[in-house]
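Biologist: Before we go through this fold together, could you show me how to read its sheet and its helix packing?

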Amino acid sequence: MDYIIGVDIGTSGTKAVAFHVSGEPIADHHIGYPMHNPQPGYLEQDPEVLLAAVVQSIGQVAGAVRGIDLTARLLGVGFSSAMHGLMAMDEHRHPLTPCIIWADTRSEPFATELKRTPLGHRIYSATGTPIHPMSPLCKLGWMREHAPEIFRAAHKFISIKEYVFLRFFGRYVVDESIASATGLFDIHGLDWYGPALDLVGVSPAQLSEPVPITHTLSGLEKEAAEAMRIPADTPFVLGGSDGCLANLGSHAIAPGDAALTIGTSGAIRMVAGVPKTDDRARTFCYVLSEDRYVLGGAVNNGGMVLRWYRDNFGLGHDADAYRSLAEEAATVAPGAEGLVFMPYLTGERAPHWNADAKGLFFGLQLHHRKAHVTRAVFEGISYGMYSVGKALAEIAGPIHTLRANGGFARSPYWVQLLADVFQQEIRVGGSVEDAAKGAYMVVLKALGKVAGFEDIEDTSNPLVYRPNAANRPVYMENFGRFERLYDKVKDEF
């Protein structure tokens, strides 16, 4: 049995999935880890913890496959990872900082000032990355001013996937997909963008070598190969970012097809044949391959908001608590009897790109019970996603079908709610781990098993959720209020 492992290095955990070469999942293993919040606005992770999760998850999956078939042959390992992380490295290849993750907002003053300038818009138009504290560009601007000793001592500035490959192969390489989410990379010329580098005082030599997503390395460090219990000559394919590969893994690459993801954060994305940015800078544009660009918008406040609600006001801390919350919300009619929730607990990215945004419940009255609040939380996150979808349709064209992935896709209640809000059919494949599936697909292409991604058959046999038109009016009434509320209170943030 020939198989491929797809690895997704996420914010809340790393998951490795073994796929038969024909695409069927065989085994998977997930390892969770924490985010650290040493002070308000700071969100970091320990790179050694994430590296260990990658090693352990690959080892566990490879062992599980051998348990099924002792003669199984591992053809390659491909990677997806979260975007916008930044860590500084010294000349001896040791981290000088933790990995500062996408949700960190310490660089908000730098981002706000840059966003107001013509240079900020030129950088967005060239790099496809909105000016926001998530961006490594802005993180570097903060570091240069507030941590000058570390900034001067840094030999390289890298992301978590670059760190993994450095430890495995001793080389600094970054795929164009991850590079295009830094605010430092020219998505038109596919190289580092000089004006952005000059702004923050970084040279190309301090960044990794950008390569296509199919770039392949072999010759694992002996210690890493032994820890993962795989051959040292196993091909390792860089792959891309979690967002781009989720589109690929869900086969949302044709015109009109959009991928909708809600995990810790959330995003909605479509694929175009040429790079496109927005005059109002509401959407991103990231590289998938030389002829495919992923357009869309990401929200900060996806599943992490539901987790906050579960932990503080919910019904326990285990996975079943989410099901209980959905059941509780379903006892209330759509629209939560006028209660509207703005879910901006960690600022917001698309479409507002406002790190100062705050959460808000509006319309609370005596007749509202806890179930109304629970429903309003689900609906508020969904309105945030819909606002991004509206902006995306203006840039990339009408959305005809949504393909769902991420943890929310396990909740029939939530998927149906989003189908009703969008008034679009939503398809959920047999696996919601589409980023790992996308990594598997990149390995297929890198190894020459397929000529193009469109040649890979979608065998997922998706479950289809069709919109209930009767719920549309109340959702649109509340969504209109949701949008007007933001405009009315944004100056108070």
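This is a predicted model: local features need pLDDT of at least 70, side-chain atom pairs count only at pLDDT 80 or more; totals for chains, interfaces and linings use all residues.

Biologist: How many strands form the open sheet, and in which order?

Modeller: Strands of a sheet pair through backbone hydrogen bonds, in either a parallel or an antiparallel way. Here 6 strands form an open sheet with mixed pairing, and their order is 3-2-1-5-14-13. Strand 3 (25–32) and strand 13 (216–217) stand at the edges with a single partner strand each, so that one side of each has no neighbour in the sheet.

Biologist: What joins strand 13 to strand 14?

Modeller: Strand 13 and strand 14 (residues 236–241) run antiparallel and are joined by 2 bridges, and Thr216 stands opposite Val237 of strand 14.

Biologist: Which strands do helix 1 and helix 10 lie across?

Modeller: Helix 1 lies across strands 1, 2, 3, 5 and 14, and runs at about 150° to strand 3. Helix 10 (residues 242–249) lies across strands 1, 5 and 14, running at about 100° to strand 14.

Biologist: At what angle do the axes of helix 1 and helix 6 cross?

Modeller: The axes of helix 1 (residues 47–68) and helix 6 (residues 160–169) come within 10 Å of each other and cross at roughly 65°, which makes helix 1 roughly perpendicular to helix 6. The crossing is right-handed, and the contact involves residues including Leu50, Leu51 and Val54 of helix 1 and Ile160, Tyr163 and Phe168 of helix 6. Among the residues of this contact, 9 are nonpolar, 2 are charged and none is polar.

Definitions and conventions: Residues are numbered from 1 along each chain as its sequence is written. Side-chain values use heavy atoms; hydrogens and water are left out. Axes are lines fitted to C-alpha atoms, for helices over the stretch in contact, and angles run from 0 to 180 degrees between N-to-C directions. Helices (H or I, at least four residues) and strands (E, at least two) are DSSP runs, numbered from the N terminus. Angles under 35 degrees count as roughly parallel, over 145 as roughly antiparallel, 65 to 115 as roughly perpendicular and the rest as oblique. A crossing is left-handed if the near helix is turned anticlockwise from the far one by less than a right angle, and right-handed if clockwise. Contact means heavy atoms within 4.5 Å. Ala, Val, Leu, Ile, Met, Phe, Trp, Tyr, Cys and Pro count as nonpolar, Asp, Glu, Lys and Arg as charged, and the others, Gly among them, as polar. Two strands pair if DSSP finds at least two bridges between them.
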